[in-house]
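Q: Please help me read this structure. I would like the general idea of each feature, followed by the case at hand.

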Amino acid sequence: AYPACSSLMISLLHYASLLLALLVSAWYFRDLGDITQMAFKVSRRNLLFAIRHEKHFLWAGVVLLAIAVITWRPAGASVWSFVAVALCLIMLVFPWAWVHLGLRNQQQSARFYTVDQASQFVRPDTSVLVIENGSHARAHPDYELQRPHLAGTRDGLGGENILMTYCAMSHLGIAVKPERMGRLLALDVAGQHGNNLVLRDRSNSEPFAQIDCCTVNGPLERWPTFRMRFDAFVKAYPQGEVFLNPIPGFLQNPLFFVVDHLVEALFRKALHNHHHREALMFDTMTHEDTRLPRKTLVWALEAGGESAAFTADFIKGAGYPLNIVLGGQRLVVGWQPEEDCITAFYRPGDRPVTELDFRGQSDRGKLQRFESLFPGLYWFVWVNFHPDTLLNEEVSLHDGVALPNANVTLTSRSRQSRLT
């Protein structure tokens, strides 16, 4: 009786551990597989829970699988146990490899090249994301950023610890200082929700949305970011640097050679459809707004809990700088046709700015760049996180030559983060 009882207990242990391993790995695969959200709709709550407890998912899956394998032979398990173990391994390994290998970030290891070197790979009319600090300037082509999502160096930008963050789904690049209270934050790519990149603070596993840049300990300081044509960048910053992300050769790193080519091929197919169709690749939105087609690019601003968005056609069609007051901040937004560049600056006093170049030189003197300009992101992403945003003609603007009291304060309702 005892051997039979013992055999039954071992069989129960084997199949119970295998069943639990399947449940844990399926949960992990669904919520943290990133591209698995093309097939499975994941709630924000489930995603954040999975990000915070990723290590627990992995350890639970590994321990349960180990128990199932150890009890395999004594339990007299069939070939279906082998299939179940293989499926568990796939569901555990794929999300981890996709995010931590395929999308490995370059927070402190990005490689920058001279404009002459980069000109062999970047077309003159390519739109690049630009950050500057004094005489030090860097350009980041969208295509080069889409795999690592984060690009920075140990030396920083002109001595400042500045990190470029990028989300291909949002078509959004914004630079931040990854520091809180003097402490450098080590960040990881964790996934996406609302078609926007979700990052994770490695020290506490707390996730936050790229578009908010607000960690559990408070918001990260944004660094002014704008777009311009690459040929204009070369002309304006002949000593500038350009981020490129070449795939290592097979002999240099066989694993990364294979992984990067696979990720590149998948991104090329998926993002081509995403950028050229109105349909969403990931249906993880919480707000829909039909004032514009989903994939319209907007230049958005946020200040003092208020938000506004402008299309490029609206800014260009004005023919002069747009002087606005947003969340109590006096700002000016302008288009510089020679560089095909839209910029935003703080505006001193009530008098309007009537002349403005991309460096901030104006008829009111040298202006300071506004750090909370979101340059050229998709409308459907912006309005998902800022549903009360004002748009184009909804924003009352004076004509650049009116009296100071013609300035009008924007009055959108205070935003609420969609990722808390």
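Predicted model: local features only at pLDDT ≥ 70, side-chain atom pairs only at ≥ 80, totals over all residues.

Q: What percentage of the residues is buried?

A: A residue is buried at under 20% relative accessible area, exposed at over 50%, and partly exposed in between (1.4 Å probe, protein chains only). Of the 420 residues in the protein, 52% are buried.

Q: How many helices and strands are there?

A: Both are DSSP runs numbered from the N terminus: helices are H or I with at least four residues, strands are E with at least two. The protein has 11 helices and 25 strands. Its C-alpha trace spans about 100 × 50 × 45 Å along the principal axes.

Q: What share of the contacts joins residues 24 or more positions apart?

A: A contact means heavy atoms within 4.5 Å. Among contacts with a separation of 6 or more, 66% are between residues 24 or more positions apart.

Q: Which strands pair with strand 17?

A: Two strands pair if DSSP finds at least two bridges between them. Strand 17 (residues 297–303) pairs in the antiparallel sense with strand 24 (residues 373–378) over four bridges, where Leu297 stands opposite Tyr378. Strand 17 also pairs in the antiparallel sense with strand 18 (residues 306–311), over six bridges, and there Val298 stands opposite Thr311. Strands 17 and 18 form a hairpin with two residues between them; Gly304 in the turn has a positive phi of about 55 degrees. Six of the seven residues of strand 17 are buried.

Q: Why is strand 9 described as largely enclosed by the rest of the structure?

A: Seven of the seven residues of strand 9 (residues 187–193) are buried, so the rest of the structure largely encloses this strand.

Q: What does strand 9 form with strand 10?

A: The two form a hairpin with two residues between them, and Gly194 in the turn has a positive phi of about 65 degrees. Strand 9 and strand 10 (residues 196–201) pair in the antiparallel sense over six bridges, with Gly191 opposite Val198.

Conventions
Residues numbered from 1 in each chain as written. Heavy atoms only, no water.
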